[in-house]
Amino acid sequence: LAACSVQPAAAKPPGLGAAVSAEEVARWDISIPPSGAGLPPGSGSVKQGEAVYAAKCESCHGPKGAGKPADALVGGVGSLATAKPVRTVGSYWPYATTLFDYTRRAMPITSPLSLSNDEVYAVTAYVLFVNGIIPADATMNAQSLPAVKMPNRDGFVSDWPPRR
């Protein structure tokens with residue numbers, strides 16, 4: 001028992017990690033909330049987005065977002081209350097800004113964070129267009145994107161406490 005009660009000298013910390021600079025944090029702190037706060041400069045039209053989509057998205061999400069091999073991006077309208085809801089950008093997502101955020105940080109799946117801000121705005125515009133949410137002549141940017149009213153915006157309840 002005496003041997004077990006002897007405390008070893010304070011061990012040296014394992015030396016894992018390193019202090020992170022404010023610049024490094026800022027590079028990764030790219031989340032865009034529903035309000036659109038923090039959207040970057042840039043813009044993209046539906047027409048530009050169609051080209052970006054064809055080059056960088058269609059191989060996974062199919063022509064015009066129809067799906068296969070990855071999830072469909074269009075369709076499912078009216079299916080959310082059924083036994084087999086189809087959750088797509090047009091049927092489920094509550095905010096266009098979160099589409100921008102997700103696309104920028106996670107797509108294309110083989111090269112996340114590789115799209116320019118203009119490409120993300122453009123492909124976001126195209127996906128919104130193929131869902132019938134914005135017109136063919138629309139351009140998305142930091143001002144227009146937060147103003148897009150998604151079809152299911154009112155289908156969500158915030159779990160955040162109200163601001164006082």
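How many residues of the lining of the largest pocket are nonpolar, how many polar and how many charged?

## The model

This is a predicted model, in which local features need pLDDT of at least 70 and side-chain atom pairs count only at pLDDT 80 or more, while totals for chains, interfaces and linings use all residues. Residues are numbered from 1 along each chain as its sequence is written, and side-chain values use heavy atoms, with hydrogens and water left out.

## The largest pocket

The lining divides into 16 nonpolar, six polar and three charged residues (Ala, Val, Leu, Ile, Met, Phe, Trp, Tyr, Cys and Pro count as nonpolar, Asp, Glu, Lys and Arg as charged, and the others, Gly among them, as polar). Of the 25 lining residues, His-61, Asp-71, Leu-73, Tyr-102 and Met-107 lie nearest the centre of the pocket, and helix H3 (46-56), H4, H5 and helix H6 (117-130) each give two or more residues to the lining.

The largest pocket holds about 480 Å³ of space. A pocket here is an open set of points on a 1 Å grid over the protein atoms alone, where a 1.4 Å probe fits, with protein on both sides within 12 Å along at least five of seven lines; lining residues have an atom within 4 Å of a point. Helices are DSSP runs (H or I) of at least four residues, numbered from the N terminus.

How values were computed:
Points joined across faces, edges and corners; volume = space filled by probe spheres on them.
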